[in-house]
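Please look over the structure shown here.

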Amino acid sequence: MNWRVTIGSILIAILTSTQAFSEPGSQPHTAPQADSRPAVDVELVIAVDISYSMEMDDLAAQREGFAKAIVSREFLQALRAGPIGKIALTYFEWSGTKDRKIVVPWRQIDGPEAAEAVADELMKAPILRGSRTSISSAIKFAMPLFEQNPYRGSRQIIDISGDGPNNVGDPVATARDTALQNGIVITGLPVLINATPNGTKDISHIDHIDWYYEDCVIGGPGSFAVPITDRENFKEAIRTKLAHEVAGLTPNQSPAPTGNKEPRVLCMIGEKLWQQRWDTILPTKDTSSPAIKDSTSLDKKMSTDDALLNKKIKGICRGC
């Protein structure tokens, strides 16, 4: 059953109790007993959207939010509350079907020192954005990472964020269902900052991206989504979400629709919008079209924006 979390709902006080963990029957995955890899409580893959639909300030806030969350008191308290007190984490960024980059490979976090090292590694890496949004490709890229992990956990989670619907690659629901069949839980961090007003849409954003994530992206026992409604709550939302994931909490919130109900947002809405856009703007492959000419200027602007973004990231990192 999927759950939606409202910001501020987490109660860190219960993280130190045995009730902070899911019942054994709700654990999505159990590593084979013959597995000799060092044990951790959770294997966590963080998959972050860096497509051009994300504003530069949002990308900077997102990267900083994850770095700060990993060293936060709430996260470390959740870490210590686990049976083993250790997790394995890897962080990659994605956009289209071929734009996936591992920023932080698998790292074990067992306390403040390891958390600081991961946060520092994260903040020092440049951000290279890409075109289109393929949530399905991000999920497919994440799944084999668990097999490559030098650590084994009783839970495997893909934590995926984004501000737009899947618009290229396999259908997102197909990728999600494959992950769930392999015992992997998917949680979501839908970014509503650039969402379109109700009743309107563009090729990169839709209204109710939170509903889309709840009904089409996340899944598995204890899955949930934490929506980001403004740039100021990036850090709080990410901190809340990571603490829940590490602690194995199932938030006590109103459930999202179950799988036997129709999604509130069409799971193929992104693909449909892109098809409509190109059928309208570029019905034939005409190199003299204004759309083609404008793309060159857009590419130049994107390159300039990327350079400015990485300066911003480095500026944020000073003193961290």
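The report below moves from the whole chain to single residues.

## Model and overall make-up

This is a predicted model. The chain holds nine helices and seven strands. It has 320 residues, and 52% of them count as buried.

Take the contacts with a separation of 6 or more: 83% of them come from residues 24 or more positions apart.

## Helix α1

Helix α1 covers residues 56–70. Its 15 residues should span 21 Å at 1.5 Å a residue. The end C-alpha atoms are 22 Å apart, which agrees.

How many of the 15 residues of α1 are buried? The count is 13, so α1 is largely enclosed by the rest of the structure. Arg 63 belongs to this helix. Its relative accessible area is 1%, so Arg 63 counts as buried, the cut-off being under 20%.

## Packing of α1 on α7

Helix α7 runs over residues 234–247. It packs with α1 at an angle of about 40 degrees, and the two axes are 8 Å apart. Roughly parallel would need an angle under 35 degrees. The pair α1 and α7 is therefore oblique. The crossing of these two helices is right-handed.

Which residues meet here? On the α1 side they are Asp 58, Ala 61, Gln 62, Glu 64, Gly 65, Phe 66, Ala 69 and Ile 70. On the α7 side they are Phe 234, Lys 235, Ile 238, Arg 239 and Leu 242. Arg 239 also takes part in a salt bridge, with Glu 74.

## Salt bridges

The whole structure contains 14 salt bridges. One of them joins Arg 63 and Glu 93, with the closest N and O atoms 2.9 Å apart. Arg 63 sits in helix α1 and Glu 93 in strand β3 (residues 87–94), so the pair ties together parts that are 30 residues apart in sequence. Glu 93 is buried at 5%.

Between Arg 73 and Glu 74, the closest N and O atoms are 3.7 Å apart. Between Glu 74 and Arg 239, the corresponding distance is 3.5 Å. This latter pair links distant parts of the chain: Glu 74 is in helix α2 (residues 73–80), Arg 239 is in helix α7, and 165 residues separate them. Arg 73 is exposed, with a relative accessible area of 55%. Glu 74 is buried at 16%. Arg 239 is partly exposed at 26%.

Helix α4 takes in residues 135–148. At 1.5 Å a residue, its 14 residues should span 20 Å. The end C-alpha atoms lie 21 Å apart, which agrees. Which residues of α4 are buried? They are Ile 135, Ser 136, Ser 137, Ala 138, Ile 139, Ala 142, Met 143, Leu 145 and Phe 146.

Asn 149 lies in the loop between α4 and β5 (152–162). This residue counts as buried, at 2% relative accessibility. Leaving aside residues up to four places away in sequence, Asn 149 touches Arg 37, Glu 43, Ala 88 and Trp 106.

## Helices α5 and α6

Helix α5 (residues 172–181) packs with helix α6 (residues 209–217). The angle is about 50 degrees, and the axes are 9 Å apart. That makes α5 oblique to α6. The contact uses Val 172, Ala 173 and Arg 176 of α5. From α6 it uses Tyr 212, Asp 215, Cys 216 and Val 217.

Thr 178 is also found in helix α5. This residue is partly exposed, with a relative accessible area of 31%. Where is Lys 140 relative to Thr 178? The two residues are 38 residues apart along the chain, and their C-alpha atoms are separated by 8.6 Å.

Conventions
Residues numbered from 1 in each chain as written. Predicted model: local features only at pLDDT ≥ 70, side-chain atom pairs only at ≥ 80, totals over all residues. Heavy atoms only, no water. Helix = DSSP H or I, 4+ residues; strand = E, 2+ residues; numbered from the N terminus. Expected span 1.5 Å × (residues − 1). Buried < 20%, exposed > 50% of the residue type's maximum accessible area, 1.4 Å probe, protein only. Salt bridge = Lys/Arg side-chain N within 4 Å of Asp/Glu carboxyl O. Axes fitted to C-alpha atoms, helices over the stretch in contact; angles between N-to-C directions. Parallel < 35°, antiparallel > 145°, perpendicular 65-115°, else oblique. Left-handed = near helix turned anticlockwise from the far one by under 90°. Contact = heavy atoms within 4.5 Å.
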